[in-house]
Amino acid sequence: MGENMSKPSAKPFQDVSFFTSFKPYNPPHTNNNTPPRPSIFSTLRRPPVAKPNDFIPLFSDCITAASSRTQEYLLFKDPEDKFHPSQEVLTQIFLMTYISQSVNLHLTDIFNCTVMTPEQRILLGADWVWAVLEKSTKNPRIQIAVQVLHLSDKEGGEEDGFLPETFSESIQMAQRESSDRNMYERMVDFCTSVGKDCYALFLFFGRKTDKSNIYGVLSNNFQAAIGKCSKIDRALLENFFKGSRYLHTPSGMMQSVVTRSEGDNLTLMIKFS
């Protein structure tokens, strides 16, 4: 049948020609100093960039806690009519609750609260000052000076909360320096001297028409009333609420403050409780 066929080797893997028929693979030269390219998944895991107003929900939580706690005492009625929280106690309850909550939420590095000394309170008219801080320098970028108004305040805002026998020499000097203006006017003058980024906030612990809630009037333009020869008093401040169709929340107030265009005037009415 005539055609000769070669037989396969009995041990093919020992045949040298089987291996020499393949050329070794040489990978392309790479520079070991070249940094590796980032994975697409690593770009998806980048931390979010902090926004300037990220503190607002935390501020709102602090205000809710402070207002709720203070409101408990505003609504409290002693059956025997012997216990009445003083104005100073109500202010301290609000402040202590707010400060405790702000420390717990690590808010103080972004938005701090400076409580005034008795002398500063008389000279500047403020009980405390809130400030939005610059991230790099920690300097105040926006300030809100706060004065608490109580239903039993004397007309003219001269209720400084000090007993005559506790007056120190420094307090007496502060009173003499500011005797030509009432407490409302002192705070407005202070804010005006700082500029449009400093707001005056008058915080009402109860109003004549609603004694159980906390309200506020905030503005960086109260000096306009002084320019019109109007006396700044409680009646003028209460008048802001007349005909007001909308009351801001504390977070809405802060949002309006931080997003205000430079040089613009801003006046808001707020309900804190």
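Contact here means heavy atoms within 4.5 Å. This is a predicted model, where local features need pLDDT of at least 70, side-chain atom pairs count only at pLDDT 80 or more, and totals for chains, interfaces and linings use all residues. Residues are numbered from 1 along each chain as its sequence is written, and side-chain values use heavy atoms, with hydrogens and water left out.

View 1. Helices (H or I, at least four residues) and strands (E, at least two) are DSSP runs, numbered from the N terminus. The protein chain holds 273 residues, and 36% of them count as buried. Buried means under 20% relative accessible area, exposed means over 50%, and partly exposed lies in between (1.4 Å probe, protein chains only). Among contacts with a separation of 6 or more, 64% join residues 24 or more positions apart. The accessible surface is about 17600 Å², with 55% belonging to carbon and sulfur atoms. Areas come from the Shrake-Rupley method with a 1.4 Å probe; for residues, only the protein chains shown count as cover.

**View 2. Helix α3 packs against helix α4.** Two packed helices are described by the angle between their axes and the distance between the axes. Helix α3 spans residues 56-74 and helix α4 spans residues 87-104. Their axes lie 8 Å apart, at an angle of about 150 degrees. Axes are lines fitted to C-alpha atoms, for helices over the stretch in contact, and angles run from 0 to 180 degrees between N-to-C directions. The two helices are therefore roughly antiparallel. Angles under 35 degrees count as roughly parallel, over 145 as roughly antiparallel, 65 to 115 as roughly perpendicular and the rest as oblique. The crossing of α3 and α4 is right-handed. A crossing is right-handed if the near helix is turned clockwise from the far one by less than a right angle, and left-handed if anticlockwise. Contact residues include F59, I63 and Y73 of α3, and L90, F94 and Y98 of α4. By class, this contact has 11 nonpolar, five polar and two charged residues. Ala, Val, Leu, Ile, Met, Phe, Trp, Tyr, Cys and Pro count as nonpolar, Asp, Glu, Lys and Arg as charged, and the others, Gly among them, as polar.

**View 3. Helix α3 also meets helix α10.** Helix α10 covers residues 250-259. The axes of α3 and α10 come within 9 Å and cross at roughly 140 degrees. This pair is therefore oblique. The crossing is right-handed. On α3, the contact uses I56, F59, S60 and I63. On α10, residues in the contact include P250, M253 and V258. The contact of α3 with α10 has seven nonpolar, three polar and no charged residues.

**View 4. P85 sits in the loop between α3 and α4.** P85 is partly exposed, at 22% relative accessible area. Beyond its neighbours within four places in sequence, P85 is in contact with Y73 and L90. P85 and L74 are 11 residues apart in sequence and 8.4 Å apart in space, C-alpha to C-alpha.

**View 5. H106 and K138 have positive phi values.** Most residues other than glycine have a negative phi. Phi of H106 is near 55 degrees. H106 lies in the loop between α4 and β1, and H106 is exposed at 64% relative accessibility. Phi of K138 is near 65 degrees. K138 lies in the loop between β2 and β3, and K138 is partly exposed at 43%.
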